[in-house]
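Here's a quick briefing to read with the model open beside you. Have a look at the fold before you dig into the details.

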Amino acid sequence: MTSRRDFLKTSAGVSVGAAVGMGSPRSLAGAPAVLRSRITPVAIASGNGMEAVATAFQAVSAGDDTLDAAVKGVNIVERDPNDRSVGYGGRPNLDGVVQLDSSVMHGPSRGAGAVACLEGIKTPSRVAVDVMRYTDHVLLVGKGAQRFAVSMGHKVEDLLTDATRRQWIEWRARMSATDDYLTREEAGTGADPFEDGEDEGLGMLDSHDGVRPQGTINCNVINQDGDLSGVTTTSGLAWKIPGRVGDSPIVGAGLYVDNDVGACGSTGRGEAVIKTCGSHSVVELMRSGMSPVDACLEALRRVVTFTAEARLRDGQGRPNYNVNYYAVNKDGEYGGAAIWSGARFAVCTGGESRREDSAYLFERGS
């Protein structure tokens with residue numbers, strides 16, 4: 001007699017074999033369990049990432065790993081002395097020292113690595129990759145992060161350029177009317193203490209995103225197989241208190257990647273993003289079915305709700321600063337959003353790099 005369990009097992013085997021046109025389920029041994037659909041590769045970044053997305057797209061199209069491609073992209077900005085908010089030439093802290101932060105996440109391996117308050121290394125994103133690949137840790141900070149970087153072959157260099165040093169000196173002189181530092185106007189000479197480089201004065205000290213300049217680059221990449229990775233890197237808030245860490249090196253704040261769902265990164269006021277677990281929130285909202293743009297906007301609404309301090313609100317109770325999110329989902333759909341209008345992001349699809357307008361919550365000037 002045949003037991004009920006044996007009957008069910010035999011019936012299931014026959015059904016599978018018939019479904020695929022084979023006489024025995026053993027014929028399935030070499031067949032793939034899942035046929036993966038091809039995705040159109042995408043590289044998306046903050047507005048200062050035009051070269052970054054082009055480089056990342058080219059790399060991933062040539063078969064590079066998604067994280068290697070994203071890091072190659074942001075390295076261009078990290079090494080650029082004319083970008084005053086990332087890497088070499090980034091604006092220093094209160095003491096005139098450039099301290100850098102970065103995080104990386106690799107979707108296929110679920111890996112993450114980060115560094116914070118790193119001094120003297122032009123490409124902190126590469127150190128973050130080393131943390132991910134060669135240690136059992138996720139985040140290294142300060143002198144320990146620098147010692148680790150040196151042990152991995154990274155070179156310690158002076159990251160303060162003449163231009164950013166000049167800005168720091170001018171800012172320091174204007175901090176107080178009663179200290180012993182003089183601006184060039186107060187000194188009565190108008191002389192530039194540095195002979196080389198264009199004198200930008202205090203023009204670059206203004207920012208529509210807050211009282212002091214802040215800037216970052218985030219870059220997220222998806223390849224044709226739907227694998228995702230991301231990186232965020234920054235020199236942080238200009239003239240910050242030494243040791244201050246923003247959202248960029250915080251996994252789940254300035255960057256989050258889930259290879260099953262999507263990737264997101266942020267720029268803008270880091271403290272607001274940390275308090276709302278910003279990039280993680282965007283990815284979880286995409287998991288629930290929201291598009292990248294709608295997920296970014298909803299996460300920004302949480303930032304607005306969490307802005308309770310009067311000093312951080314305008315006359316209508318809205319944030320007087322900006323936060324920007326950049327996201328791509330598992331299907332290769334992408335988008336960006338900001339609290340305030342006027343923001344743009346960089347994207348490369350099909351080999352074409354361009355800037356697109358970010359969605360927003362509030363219209364400037366309204």
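This is a predicted model: local features need pLDDT of at least 70, side-chain atom pairs count only at pLDDT 80 or more; totals for chains, interfaces and linings use all residues.

Residues are numbered from 1 along each chain as its sequence is written, and side-chain values use heavy atoms, with hydrogens and water left out.

**The chain overall**
- The protein chain has 10 helices and 13 strands (DSSP runs numbered from the N terminus: H or I of at least four residues for helices, E of at least two for strands).
- Of its 366 residues, 50% are buried (buried is under 20% relative accessible area, exposed is over 50%, partly exposed is in between, with a 1.4 Å probe and protein chains only).
- Take the contacts between residues at least 6 apart in sequence: 63% of them join residues at least 24 apart (a contact means heavy atoms within 4.5 Å).

**The eight-stranded sheet**
- An open, mixed sheet runs β4-β3-β2-β6-β5-β1-β11-β12 (strands pair if DSSP finds at least two bridges between them).
- β4 and β12 (352-357) sit at the edges with a single partner strand each, so one side of each has no neighbour in the sheet.
- On average, neighbouring strands of this sheet are turned by 10 degrees against each other, direction ignored (axes are lines fitted to C-alpha atoms, for helices over the stretch in contact, and angles run from 0 to 180 degrees between N-to-C directions).
- β1 (42-46) and β11 (344-349) pair antiparallel over five bridges, and S46 has F345 in β11 as its bridge partner.
- Helix α2 (50-61) packs on the sheet, touching β1, β5 (216-222), β11 and β12, and its direction makes about 20 degrees with that of β11.
- Helix α4 (124-134) also packs on the sheet, touching β2, β3, β4 and β6, at about 135 degrees to the direction of β3.

**Around L139**
- L139 lies in strand β4 (139-141) and is partly exposed, at 39% relative accessible area.

**Positive phi**
- Most residues other than glycine have a negative phi.
- R110, in the loop between β2 (100-106) and β3 (111-118), has a positive phi of about 60 degrees.
- W239 has a phi near 65 degrees; this residue is in the loop between β6 (228-234) and β7 (255-258) and is buried, at 3% relative accessible area.
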